[in-house]
Amino acid sequence: MSAPPLNVLVLCTGNSARSILGEAIINRLGEGRFRGFSAGSFPKGEVHPGALRLLKRRSYPTDALRSKSWDEFAGPDAPVLDVTITVCDNAAGEVCPVWPGRPATAHWGLPDPAGVAGDDAAVDAAFEATHDALERRIARLLELPVRELDAPELRRRLQAIHEETDALA
């Protein structure tokens with residue numbers, strides 16, 4: 001019998017752009033071994049149109065994506081989380097709920113593409129850059145022997161992924 005998928009929650013304040021992209025990328029690249037979720041401390045209530053355009057251009061499923069509160073993942077019926085990753089500096093500095101399962105945590109701060117002003121081409125370019133940066137990090141995460149690492153080592157490796165991929169960019 002195969003192991004259940006590892007659950008990864010990607011957090012940001014608004015849960016409309018970066019964290020949504022992270023969820024979609026994990027679900028695509030994770031191929032059933034990893035399951036991605038996203039949430040926000042103060043969700044906007046809708047997915048940013050630039051995120052939806054990018055995901056549709058790259059043939060990601062988008063029907064199940066929605067902006068939601070991280071409270072959904074702190075209750076007794078929530079999936080047990082293995083990893084939580086913050087992708088914005090605000091969420092990294094906030095006091096997070098106590099997650100069931102006590103997941104390993106990391107901060108992969110990225111510029112907010114939702115904050116880019118300009119026409120659709122400028123916004124789309126920002127979302128492409130954010131997607132590509134997340135995809136590089138997530139691909140590295142998926143290569144880790146997560147089940148074999150203790151929490152401190154997993155945290156160290158998750159942070160190293162962020163630092164190493166930033167150095168390559």
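The model described here is predicted. Leu6, Val8, Val10 and Cys12 point one way from β1, while Asn7, Leu9 and Leu11 point the other way. In a regular strand the side chains alternate between the two faces of the sheet. β3 is described in a like manner: Val83 and Ile85 point one way, Thr84 and Thr86 point the other way, and all are buried.

### Overall make-up

The protein has 169 residues, and 48% of them are buried. Its secondary structure comes to 5 helices and 4 strands. Along the sequence these elements follow the pattern β-α-β-α-β-α-β-α-α. Among contacts between residues at least 6 apart in sequence, 71% join residues at least 24 apart.

### The sheet

In what order do the strands of the open sheet stand? The order is β2-β1-β3-β4, and the pairing is parallel. Strands of a sheet pair through backbone hydrogen bonds, either parallel or antiparallel. β2 (34–40) and β4 stand at the edges with a single partner strand each, so one side of each has no neighbour in the sheet. From one strand to the next, the twist averages 20 degrees.

| Strand pair | Sense | Bridges |
|---|---|---|
| β1 and β2 | parallel | 7 bridges |
| β1 and β3 | parallel | 4 bridges |
| β3 and β4 | parallel | 4 bridges |

Single residues show how these pairs line up. Leu9 has Phe37 as its bridge partner in β2, and Leu11 has Ala39 as its bridge partner in β2. On the side of β3, the bridge partner of Val10 is Ile85. Further across the sheet, Thr86 has His107 as its bridge partner in β4.

### The nonpolar cores

Which residues touch the most other members of the largest nonpolar core? They are Val8, Leu55, Trp108, Leu141, Leu154 and Leu158, out of 38 residues in this core. At least two residues of the core come from each of β1 (6–12), α1 (18–29), α2 (49–57), β3 (83–86), β4 (104–107), α4 (120–143) and α5 (151–168). The largest share, 7 residues, is supplied by α4. Another core, of 7 residues, lies apart from this one, and among its members are Phe37, Trp70, Phe73 and Leu81.

Leaving out residues up to four places away in sequence, Val8 touches Ile26, Phe34, Arg35, Gly36, Phe37, Val83, Ile85 and Leu141.

### Residues in the loops

Pro79 lies in the loop between α2 and β3. Is Pro79 buried, partly exposed or exposed? Its relative accessibility is 24%, so Pro79 counts as partly exposed. Not counting residues up to four places away in sequence, Pro79 touches Asn7, Phe37 and Phe73. Pro79 and Leu9 are 70 residues apart along the chain, and their C-alpha atoms are separated by 9.8 Å.

Most residues other than glycine have a negative phi, and most peptide bonds are trans. Glu31, in the loop between α1 and β2, has a positive phi near 45 degrees. Glu31 is exposed, with a relative accessible area of 66%. Ser59, found in the loop between α2 and β3, has a positive phi near 60 degrees. Ser59 is exposed too, with a relative accessible area of 57%. Both values lie above the cut-off, because a residue counts as exposed at over 50% relative accessible area.

### A charge over a ring

One side-chain arrangement remains. What sits over the ring of Tyr60? The charged end of Arg28 does, at 3.7 Å from the centre of the ring.

Note on methods:
Residues numbered from 1 in each chain as written. Predicted model: local features only at pLDDT ≥ 70, side-chain atom pairs only at ≥ 80, totals over all residues. Heavy atoms only, no water. Core = buried A, V, L, I, M, F, W, Y, C linked by side-chain atoms within 4.5 Å. Buried < 20%, exposed > 50% of the residue type's maximum accessible area, 1.4 Å probe, protein only. Contact = heavy atoms within 4.5 Å. Pairing = 2+ DSSP bridges. Axes fitted to C-alpha atoms, helices over the stretch in contact; angles between N-to-C directions. Lys NZ or Arg CZ within 6 Å of the ring centre and 35° of its normal.
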